[in-house]
Amino acid sequence: MAPIAEDKIKVLLLENIHPDATELLSGAGFQVETHDGALGENDLAERVGGVHLLGIRSTTHLTSAVLDKADSLLAVGAFCIGTNQIDLPAATDRGVAVFNAPFSNTRSVVELAIAEIIALTRRLTDKSRDMHAGIWDKSATGSHEVRGRRLGIVGYGNIGSQLSVLAETLGMSVHFFDIDDKLALGNAVRCSSMEELLESVDIVTLHVDGRPGNMGMFGEAEFARMRQGAIFLNLSRGFLVDHESLRRHIESGHLAGAAVDVFPQEPKRRGEAFESELRGLSNVILTPHVGGSTEEAQQDIGRFVASKLRHYADDGNTSLSVNLPALALPERVGTHRLAHVHVNTPGVLATINGLLAEHGVNIEGQYLGTRGQIGYVITDIGAPASAEVTRILTDMPETIRLRQLS
Ligand SMILES: NC(=O)c1ccc[n+]([C@@H]2O[C@H](COP(=O)([O-])OP(=O)(O)OC[C@H]3O[C@@H](n4cnc5c(N)ncnc54)[C@H](O)[C@@H]3O)[C@@H](O)[C@H]2O)c1
């Protein structure tokens, strides 16, 4: 492995992150080192010293013990959707920015939902099962086009709203319910309650987030409200749905079919047995939480997170950061920039500006964001700040981290 030059931003990418990330970060002039697998706590603690940007996926755990050894770490990229594997408070306390890719697999989930809606509406799983058993049944009974059918989307966020657009292009009539005021796209019809939606549509699909209040939100009462012969999909979170009730409504023939991608308990690794009340039902499509798992999504995640890391390192840009105040900054053109992460207490900005004025530093632009206990102020200045100015700013009791970007 080639040694990393002292003057370069050093990047360590673990867990087989898509090569586009390496390309983007190397192209920015950073020195990138990659490692195929995840690293355990001790190994990571040994490797993280001197690293400025760290990229992980879901298997590597970034604990406060590792962060203690991360003497140069500016930012962490979670090249995935979730950030549970990162001790976020510990990262924030040390002024380490964390980024992830919340939208990169939206399209993949939408396409799987569309595929399943068509497969179930057309009874493809039953036809396929019969053919494998040597049964030739050309009957059209119970098989429908999706054109003209009513699709009910619960949760009209990134995924729900994109599904709405694609479903309309297939000629479906879209109804949705969201607890927030969401703009209805195309001809979609907003329902004022989930009950209203359940009674109006032929297909119900859940795309809500995993907030604690949503646990068990879809059970016996909700299934009972669905129309005779309706179809149910859940590609959002496993703990939302009572699978015993779903099984009863499938077995009784009340529901014509279902597709489930997420489960309350999921095997932790390949080869571990999958247990579910829903196994063994031919008109229920079961998939192992692969809604967002496509090569395209992986590539998009690689590019998206690498770009976030690059813009943070070069310009201090924190837009869509998971933990620092989000500042979407203009690119630096001919200016020098002071990026100051601090404890959010009254008067910090006034102190910084007082110090800069005292030392004759002219401010060309300034941006402040706060998020809970953390403040982040970007100050653009015409000439580099002197070592004395940066030392005084660094020594302020509220300072968590100061960087001068030139
Ligand atoms: N299967 C997969 O592989 C996969 C991949 C990506 C995302 N997901 C899951 O899909 C879900 C949706 O993702 P997203 O990016 O669209 O999220 P999002 O945050 O953009 O949208 C969620 C929407 O649900 C709404 N909502 C929350 N609780 C609600 C409730 N009780 N009733 C009605 N509306 C409610 C919110 O207001 C929001 O508009 C998430 O749970 C996410 O974890 C699954």
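Okay, let's start at the ligand: one of its oxygen atoms sits 2.7 Å from a polar backbone atom of Val208. On its own the ligand has 870 Å² of accessible area, and the protein covers 86% of that. Before I go on, please keep in mind that this is a predicted model.

So, which residues are closest to the ligand? There are 26 residues around it, and the closest are Asp178, Val208, Asn214, Arg237 and Asp261.

Let me zoom out for a moment. The protein has 406 residues, and 48% of them are buried. You'll find 13 helices and 16 strands in it. If you box up the C-alpha atoms along the principal axes, you get roughly 85 × 45 × 30 Å. Take the contacts between residues at least 6 apart in sequence: 62% of those join residues at least 24 apart.

Now for two residues I'd like you to find on the screen. Ala167 is part of helix H7, which runs over residues 158-169. Is Ala167 buried or exposed? It's buried, because its relative accessibility is 0%. Past its neighbours within four places in sequence, Ala167 touches Ile114, Leu151, Met172 and Val174. Glu116 is 51 residues away from Ala167 along the chain, and their C-alpha atoms are 12 Å apart.

The second one is Asn323, and this time we're in a loop, between helix H11 (295-315) and strand S13 (336-343). Asn323 has a relative accessible area of 7%, so it counts as buried too. What does its side chain make a polar contact with? That would be the side chain of Thr92, at 3.1 Å. A polar atom of the Asn323 side chain also lies 2.8 Å from the backbone oxygen of Val96. Leaving out neighbours within four places in sequence, the contacts of Asn323 include Leu88, Ala91, Ala97, Val98 and Arg371.

Key: Residues numbered from 1 in each chain as written. Predicted model: local features only at pLDDT ≥ 70, side-chain atom pairs only at ≥ 80, totals over all residues. Heavy atoms only, no water. Helix = DSSP H or I, 4+ residues; strand = E, 2+ residues; numbered from the N terminus. Buried < 20%, exposed > 50% of the residue type's maximum accessible area, 1.4 Å probe, protein only. Contact = heavy atoms within 4.5 Å. Near = heavy atom within 4 Å. Polar contact = N/O pair within 3.5 Å; in protein donor to acceptor, adjacent residues only side chain to side chain. Areas by Shrake-Rupley, 256 points an atom, 1.4 Å probe, with all protein chains shown as cover.
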